[in-house]
Amino acid sequence: MSIPLEAWIVGVPLLTAVLAGCGGRLIGARGAQIVTCLGMIVTAVLACVLAYQACFEGLTRTWILAPWIRVGDFSTFWAIRVDALSAIMMATVTLVSACVHVYSIGYMAHDSGVPRFMAYLSLFTFFMLLLVGADDLMQMFVGWEGVGLCSYLLIGFWYHKDSACAAAIKAFLVNRVGDIGFALGIMACFAVFRSVRLGDIFASAASMRHFALNMGGMEIPALTVICILLFLGAMGKSAQLGLHTWLPDAMEGPTPVSALIHAATMVTAGVFMVARLSPLFEQAPVAQNLVLIVGTLTAILAATMALVQTDIKRVIAYSTMSQLGYMFMALGVSAYGAGMFHLVTHAFFKALLFLGAGAVIHALNGEQDLRRMGGLGRSMRITCGLMGVGVLALAGIGVPGLGGFAGFYSKEAILQMVVWGPGDSVGFGLRLAAYVIGVLTALLTAIYGGRLMMLAFYGAKGRGEASHAHDAPAVMLWPMIPLGLGAVLAGWALEPFFVGKHPVWGKTLIGPVHDTLLAAHDHIPLWVGGLPLLAGLLGLALAFVLYGPRPEWPQRILARFAGVHRLLLRGYGFDDAYQALIVSPCLRLGRMLWHGIDQDIIDRFGPEGVATRVNAMGTRFAAFHRGLIGQQAMVMIFGVILCLILVEFWVRR
């Protein structure tokens, strides 16, 4: 039996991870790099072939590998589902991962744990591919937890740093909160549909629209409960407002880790999951409204936090959180094609920005503070140009009717869909509010993107620019070039297939097929598409003015609004609130249970206490056994006398 293409795509990263991780001592660091990089490049090529077959030839199939769980009515299989959605995700994940793998050869050249690092990267990619290729919710959950595990391993890769260990634990625990919701959602799906297979759930979704659960005397639609629980899982993985606090701290890992997590793998898993389960969300309008509201708030608040960050990687991290908010905005108004379109374009320019930031950090011997940079454009021209492309794509710069960078197409599509797109579950007032906030977010995005470029590459020469600062070695620059091409061309090339004349969305996916954006163009006012572009251009101009000729102006603004500045730096106090309301009480409870219950009661009066007292009694009795004949004879005489007394007493009674 021939092995299908999708099996090789999922299996090769696992094989290379095992070879690099378990055989690292045999093949060495260079061997681990060669094995994992070649394996990922081959996987990316195969994934692109599969995406072509799924999108242009209409390929749909499910390859069942083996049965997994069978208990009563519950049964699951290890399987790989191929359709347009899963194939596009596989291609995106593997392309970005291949670039990150090759880039890591240069970035991690002097690290002692290269085989372990390369194995973690490949294993991370394997679990993401397992997730996107899942045919049921149980296998999706395995991939979901797998990327969470690998994120813990990669964020805490430099385990000798306390900050890295703390960040890894934080990411793991915060994601567990969302994962509880995802797990409960899977259980609820089985309770309602008696199956966890996607095909069975989608086929029955419309008929279960009015099925209600009795919760506390209230009748609540079952699909609303299921979708909210599932979205809670998406909030954790995709760092949406409330469960976002792990994302900035994840920058403690090596920069290639940040590029892989933020661009195409872990943080996009939540967006993919909601898009994959769109037939369910279509039947739960309340949940869709929640997705729109959370995505909108995340987009604007993350953008404001990015404005004041001084760590170059944290600026890009908050940018990721904000762009994910855009994707959820699209999903909340049933514009699934637009949301996935932005996911794909964002993968290219966000990976490019992170790898460019890594090149800067590499050139400055680990310096990440933007305030210690400046003037690097003179000595790092290639890196400066590539990061400039990434920032222009992030800001959504283009010329209507002529073309633009990747973000121009996808962000414009989202904002047009939000205010004038398909779906009738969201009121026009909420749509209009989301659109206004989205345009304001576009303005802030351009400002912090331009600020990053001005502080790092232009303006006055900073203390961080040493005479040895130069562009990264070729092995780090070459992977950035295809990402740069993607940041320029991906929007133009992919727009027809996501929101244009030839939509692949809905062609092979079980679920609703909405009108394309092109079909709605005759009804969309000019200002709907023009305002986001104007906001982006205005933001870049403001960044140039504030951080270019008059660098003292930002300091005056910060001094005038010191309270707001502190609030933004502290992330609106989410970490402080969680520390005060959850972490500190839990630590106090843990100490009380440890000292007050475990040590003072259980250990004192339980097995350990009994053992201690028996030992003490034995020690005291041992004191009488000194081996002296006279002492032993005296004890025997007293024992005989005591026995006689007891016998006499018993006889008389």
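**Surface patch and ring contacts**

Student: In this predicted model, which residues form a nonpolar patch on the surface, and what is their accessible area together?
Tutor: The patch is made of Trp420, Phe428, Leu432, Val436, Trp527, Leu531, Leu534 and Leu537. Their accessible area together is about 730 Å².

Student: Which helix gives the most to the nonpolar patch?
Tutor: Helix 18 (428-457) and helix 22 (526-547) each supply at least two residues. With 4 residues, the top contributor is helix 22.

Student: Is Leu531 buried, partly exposed or exposed?
Tutor: Leu531 lies in helix 22. Its relative accessible area is 35%. Buried needs under 20% and exposed needs over 50%. Leu531 is therefore partly exposed.

Student: How many aromatic pairs are there?
Tutor: Rings pair if their centres lie within 6.5 Å. By this rule the count is 14.

Student: Is the pair of Phe408 and Tyr409 stacked or edge-to-face?
Tutor: The ring centres of Phe408 and Tyr409 are 5.4 Å apart, with 75° between the planes. Planes over 60 degrees apart count as edge-to-face. So the pair is edge-to-face.

Student: Are Phe408 and Tyr409 buried or exposed?
Tutor: Phe408 has a relative accessible area of 6%. Tyr409 has 7%. The cut-off for buried is under 20%. So Phe408 and Tyr409 are each buried.

Student: Which residues do ring pairs link into a cluster?
Tutor: Here ring pairs join residues into a cluster. Its members are Phe117, Tyr120 and Phe157.

Student: Which residue lies over the face of Phe172?
Tutor: The distance to the ring centre is 4.2 Å. The residue over the face of Phe172 is Arg176.

Note on methods: Residues are numbered from 1 along each chain as its sequence is written. This is a predicted model: local features need pLDDT of at least 70, side-chain atom pairs count only at pLDDT 80 or more; totals for chains, interfaces and linings use all residues. Side-chain values use heavy atoms; hydrogens and water are left out. Patches are made of residues with over 30% relative accessible area and no salt bridge: like charges are joined within 9 Å, nonpolar side chains (Val, Leu, Ile, Met, Phe, Trp, Tyr) within 5 Å. Accessible areas come from the Shrake-Rupley method with a 1.4 Å probe; for residues, only the protein chains shown count as cover. A salt bridge is a side-chain nitrogen of Lys or Arg within 4 Å of a carboxyl oxygen of Asp or Glu. Buried means under 20% relative accessible area, exposed over 50%, partly exposed in between (1.4 Å probe, protein chains only). Rings of Phe, Tyr and Trp (its six-membered ring) pair if their centres lie within 6.5 Å; planes under 30 degrees apart count as stacked, over 60 as edge-to-face and the rest as tilted. A charge sits over a ring if NZ of Lys or CZ of Arg is within 6 Å of the ring centre and within 35 degrees of the ring normal.
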